[in-house]
Amino acid sequence: MSFERRQTKQIHVGKVAVGGGAPISIQSMTTTKTSDVEGTLQQIYALAAAGCDIVRCTCNEIEAAEGLAQIVPRSPVPIIADIHHQSQIVPRSPVPIIADIHHQYRMALAALEAGVHGLRLNPGNIRKPEHIKAVAMEARDRNVPIRIGVNGGSLDPALYEKHGGLTAEAMVESALQEIAYFQEVDFDLIKISVKASNVPLMVEAYRQLSAVTNYPLHLGVTEAGPLPNGLIKATAGISTLLLEGIGDTIRYSLTADPVEEARAGRQLLESLGLRERKNVDLIACPSCGRAEIDVIEVANRAMRAFEDKKIPLQIAVMGCVVNGPGEAREADLGIAAGNKRGHLFVKGRNVAVVPESEMVEALVDWATYIHEHGVEAAIARVDTTIAEREAAKDRNALLEEKGDDANHSTEKIVEIRKTISGN
Ligand code: SF4
């Protein structure tokens, strides 16, 4: 199942295509001083490993621009690394780098000189037309795209006054004004964002913007805040728009380790079927009176065990063997608890029984096998009748013990009625 995406013009941020039907890319921003080249590169590598396609670094001072010159990936430069004269490659960013410019247009020129693959300009911060056009001309000559990054918190005061406050219309007008300056100097490698911390406002601004321009859009809820609230706010705004076909690249702005932003972005896109799955999709039942294990604890342990494994399977952790295998029959692999044992199932077929204490390890073993050999081979490697018989045994034992009403609701209702009637 898929939904139609709005057609936009395609631009390239280094090797990453944005818009025009390209996969929706994931962005994040470093929190280090950009002049700290080693620290910034470490964060960039961690972000790339977590699924980030493009990283933005601040360029607020000349030392930051100098740092960018060492960080941006260009042709690998061989250096003499040690006394054995072995040549090594100077580490560079594995992903394209965008420079975030604050108030000084000269920093944008310096970042371009450093070789960045993109700029982000805030029209509320750099307002002189001659400065905006000077940057656009330099970017045009170097074939480097610019994001017009309108931010609700730093809107041009003139627009704020004209629209009677912060409105979607004011943010869209800010973006259109900047586009007009760019067009005057024949620059059209543009993408746009109209971020606000208020989700309905941000959604409305992007909807209005997408109706009047076909430049690619960068989605985000600005200053979404710490986890988990920030994650929910950002997901609400970004996914609403993505499901309407709006958006070409995304960034979660969280008050957290930026790696969380990259993970969230990838998980969102994978959940919506907008990016190919790279990691496990762990599903788990919410638990109920039937649960035979602490589902939260086992699911969290499984989550940690699969965290760094690139196994693109859906894996289920279910609290009981009575309903678990049936409820999760679409999962590639799952485990359900019953009578102190874990019942493993592949595509709904019981394949093995393991001690309860080894449930997570068994999941990792089977997931690795399925990833390498496929579902059919995994089912074929065991005699499923044994596992099915054991599962049926535990299921029947639990049904006998707890019956169909695991929460004892019938008895509870009788007690409630007695309490109310005073008998
Ligand atoms: S019935 Fe079993 S699988 Fe379903 S929520 Fe309850 S414990 Fe989990």
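Q: Where is the place of Thr34 in this predicted model?
A: In this predicted model, Thr34 belongs to the loop between β3 (25-29) and α1 (37-49).

Q: Why does Thr34 count as buried?
A: The relative accessibility of Thr34 is 2%. Buried means under 20%, so Thr34 counts as buried.

Q: What makes the pair formed by the side chain of Thr34 and the backbone oxygen of Thr58 a polar contact?
A: A polar atom of the Thr34 side chain lies 2.6 Å from the backbone oxygen of Thr58.

Q: Which residues is Thr34 in contact with, leaving aside its neighbours within four places in sequence?
A: Thr34 is in contact with Thr40, Cys57, Thr58, Ala64, Gly67, Leu68 and Ile71. The criterion for each of these contacts is heavy atoms within 4.5 Å.

Q: How many aromatic pairs does the structure hold, and why is the pair of Phe182 and Phe187 called edge-to-face?
A: The structure holds one aromatic pair. The ring centres of Phe182 and Phe187 are 5.3 Å apart, and their planes stand at 90 degrees. The centres must lie within 6.5 Å, and an angle over 60 degrees counts as edge-to-face; the pair is therefore edge-to-face. Both Phe182 and Phe187 are buried.

Q: Why does Cys285 count as buried, and why does Cys288 count as partly exposed?
A: Cys285 has 16% relative accessibility; with buried defined as under 20%, Cys285 therefore counts as buried. Cys288 has 48%, which lies between the 20% and 50% limits, so Cys288 counts as partly exposed.

Q: How many disulfides does the structure hold?
A: The structure holds zero disulfides. The criterion would require a pair of cysteine sulfur atoms within 2.5 Å.

Q: What describes the protein chain as a whole?
A: There are 15 helices and 17 strands in the protein chain, and 50% of its 423 residues count as buried. Among the contacts with a separation of 6 or more, residues 24 or more positions apart account for 64%.

Notes:
Residues are numbered from 1 along each chain as its sequence is written. This is a predicted model: local features need pLDDT of at least 70, side-chain atom pairs count only at pLDDT 80 or more; totals for chains, interfaces and linings use all residues. Side-chain values use heavy atoms; hydrogens and water are left out. Helices (H or I, at least four residues) and strands (E, at least two) are DSSP runs, numbered from the N terminus. Buried means under 20% relative accessible area, exposed over 50%, partly exposed in between (1.4 Å probe, protein chains only). A polar contact is a pair of N or O atoms within 3.5 Å; within protein, one must be able to donate a hydrogen and the other to accept it, and residues adjacent in sequence count only if both atoms are side-chain atoms. Rings of Phe, Tyr and Trp (its six-membered ring) pair if their centres lie within 6.5 Å; planes under 30 degrees apart count as stacked, over 60 as edge-to-face and the rest as tilted.
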